[in-house]
Amino acid sequence: MKSPRERIIETTFQLFARQGYNSTGINQIISEAEVARASFYQYFKSKEDLCVEFLNVRHEYWFSELNTFLAKEKDSTSKTIKAFDFLIYMNEKENFRGCSFLNILSEIPMDNTKILNVIQSHKADLRNYFLELLNDNELSDHIYMLFESCIIESQLFRSNELIEKSKKIVTHLIQ
């Protein structure tokens, strides 16, 4: 049996993915996670604090999945190209849900710096991931932008077509 905290986070992921951040209330999370109200507030002072924790957990999960997916690749070129296959893998696994961070970004006011900082940190880590692989600022930023646009476009059109095309572009850019 999962702990109340784990059930809250798991339920939050399901509800945010299905309904969005703004349409998901604390009462629904408490009910569907089958936790007491006091248990919820023991772990989270507010929905905003829950969202920050959700995004932190999602960040760890996403990078863990990416690293596991790329673990067999031997060099930075193959890891960079294969990262686009990771997007296809995640689309299949999560039914084209897109980026949790960008989905929430679209729902929060821009003055919500608490959540915004977590989103910016995740994207900075992804950008740095490509920089560490390629050791070239301009090239890594170009690939990062392709990668990000693939996430959005594949969610919008529920298709991996542009991921496949971007993968070909990236292959030409780095080989």
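## Helix 7 and its neighbours

The buried residues of helix 7 pack against helix 4, helix 5 (76-94), helix 6 (100-105), helix 8 (137-157) and helix 9 (161-174). Here, contact means heavy atoms within 4.5 Å, and buried means under 20% relative accessible area, with exposed over 50% and partly exposed in between (1.4 Å probe, protein chains only). Helices (H or I, at least four residues) are DSSP runs numbered from the N terminus. The structure is a predicted model, in which local features need pLDDT of at least 70 and side-chain atom pairs count only at pLDDT 80 or more, while totals for chains, interfaces and linings use all residues. Residues are numbered from 1 along each chain as its sequence is written, and side-chain values use heavy atoms, with hydrogens and water left out.

Which residues of helix 7 are buried? They are Ile115, Leu116, Val118, Ile119, His122, Lys123, Leu126, Tyr129, Phe130, Leu133 and Leu134. In general, an α-helix has 3.6 residues a turn, so residues three or four places apart point the same way. The end C-alpha atoms of helix 7 lie 31 Å apart, which agrees with the 32 Å that its 22 residues should span at 1.5 Å a residue; the expected span is 1.5 Å times one less than the number of residues. Just after helix 7, Asn135 takes a positive phi of about 55°.

## The contact with helix 4

Helix 4 (residues 47-70) and helix 7 (residues 113-134) have axes 9 Å apart and pack at an angle of about 10°. That makes helix 4 roughly parallel to helix 7. Axes are lines fitted to C-alpha atoms, for helices over the stretch in contact, and angles run from 0 to 180 degrees between N-to-C directions. Angles under 35 degrees count as roughly parallel, over 145 as roughly antiparallel, 65 to 115 as roughly perpendicular and the rest as oblique.

On the side of helix 4, the residues that meet helix 7 include Leu55, His59, Trp62 and Phe63. Their partners in helix 7 include Ile115, Ile119, His122 and Tyr129. The residues of this contact between helix 4 and helix 7 divide into 12 nonpolar, four polar and four charged. In this division, Ala, Val, Leu, Ile, Met, Phe, Trp, Tyr, Cys and Pro count as nonpolar, Asp, Glu, Lys and Arg as charged, and the others, Gly among them, as polar.

## The nonpolar cores

A nonpolar core is a set of buried Ala, Val, Leu, Ile, Met, Phe, Trp, Tyr and Cys residues joined through side-chain atoms within 4.5 Å. The largest has 40 residues, of which Leu55, Phe84, Ile104, Ile115, Phe130 and Phe147 touch the most other members. Helices 4, 5, 6, 7, 8 and 9 each give two or more residues to this core, and helix 7 gives the most, with nine. Apart from this core lies another, of 11 residues, among them Ile8, Ile26, Val35 and Phe40.

Leaving aside neighbours within four places in sequence, Phe130 is in contact with Thr80, Ala83, Asn135, Ser140, Ile143, Tyr144 and Phe147.

## Individual residues

Gly20 is found in the loop between helix 1 (4-19) and helix 2 (26-33), and it counts as buried at 6% relative accessibility. Gly20 and Ser100 are 80 residues apart in sequence, yet 9.4 Å apart in space, C-alpha to C-alpha. Asp85, in helix 5, also counts as buried, at 17% relative accessibility. Not counting residues up to four places away in sequence, Asp85 touches Phe69 and Lys167.

Arg158, in the loop between helix 8 and helix 9, has a positive phi of about 50° although it is not a glycine. At 46% relative accessibility, Arg158 counts as partly exposed.
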